[in-house]
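Please work through the following exercises with the sequence and the model at hand. Each task is followed by a solution in steps.

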Amino acid sequence: MALIGLKATPFAAVAQLLAVTGVVLVLVWCISFMGGLAWEATNKSLIFNLHPVLMLIGLIIIGGEAIITYKTLPLNKETKKVIHMVLHAIALILGIIGVYAAFKYHNESSIANLYSLHSWLGICIIVLYGIQWIYGFVIFFYPGGPSTLRSDSLPWHVLFGLFVYILAVANAALGFLEKLTFLENSGLAKFGSEAILVNFTAVVTVLFGTFVIVTVLSQPVIEDDYSYSAI
């Protein structure tokens, strides 16, 4: 049963507003304050800028949208399953490219890789996200496991997915903190507009993740045997 007696729709609506806000904020930061985005550039910081943009839009926002599809879309089970799977695949691909962008920036700037908690958790999250997607694809989509295995696996699939997503949101906030600390140590004003923007983006990210979880715990638009209410 759902843990929150209210319908998911209003919570999902707030999540959509936060998603748009988060996208706008991270783009304003990386383009207006950090100089833009580039895959190849003499200014290697432009390569790094792809990292927060892809991770926030991909793993956090599109990943969050994939999670709440079962609660918010008034569609049949099979259609929601396909949308859920495709959105998670897009999120995973963007996340992998985002991680690669960070490695590319470090390598071309002669900076060590995997020296921080944020980077360690990031690799773990991408691996777990990939495992979760592959398991979901094989068991729930194609070729599909036996009905008993699907029903027994569903609660654990949901709980593990939420765990990975919460970890991703927390690590995103940690990433904003880490980058802002580097910038401030390099002379950025601690109470300047850029610092406020970065902190506000992190807050919006956490709020979006919170409303995704609240949406999952609320009443679905249409009940079915693949609803997250199975938890």
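**Exercise 1: Salt bridges**

The count comes to 4 salt bridges, where a salt bridge is a side-chain nitrogen of Lys or Arg within 4 Å of a carboxyl oxygen of Asp or Glu. This is a predicted model, in which local features need pLDDT of at least 70 and side-chain atom pairs count only at pLDDT 80 or more, while totals for chains, interfaces and linings use all residues. Residues are numbered from 1 along each chain as its sequence is written, and side-chain values use heavy atoms, with hydrogens and water left out.

*Task.* Determine which residues are linked in a network of salt bridges, and state whether Glu-40 is buried or exposed.

*Solution.* 
Step 1. Glu-40 pairs with Lys-104, and their closest N and O atoms are 3.0 Å apart. This pair links distant parts of the chain, 64 residues apart: Glu-40 lies in the loop between helix 1 and helix 2 (45-48), and Lys-104 lies in helix 4. Helices are DSSP runs (H or I, at least four residues), numbered from the N terminus.
Step 2. Glu-40 counts as exposed because its relative accessibility is 55%; Lys-104, at 9%, counts as buried. The cut-offs are under 20% relative accessible area for buried, over 50% for exposed, and partly exposed in between (1.4 Å probe, protein chains only).
Step 3. Glu-108 forms a salt bridge with Lys-44, with 2.9 Å between the closest N and O atoms. Glu-108 counts as partly exposed at 31%, and Lys-44 counts as partly exposed at 24%.
Step 4. The network therefore consists of Glu-40, Lys-44, Lys-104 and Glu-108, linked by salt bridges.

**Exercise 2: A pair within one helix**

*Task.* Explain why Lys-81 and Glu-78 are separated by about one helical turn.

*Solution.* 
Step 1. The side chains of Lys-81 and Glu-78 meet in a salt bridge (3.5 Å, N to O).
Step 2. The two residues are 3 residues apart in helix 4, so about one helical turn separates them.
Step 3. Lys-81 counts as buried at 10% relative accessibility, whereas Glu-78 counts as partly exposed at 42%.
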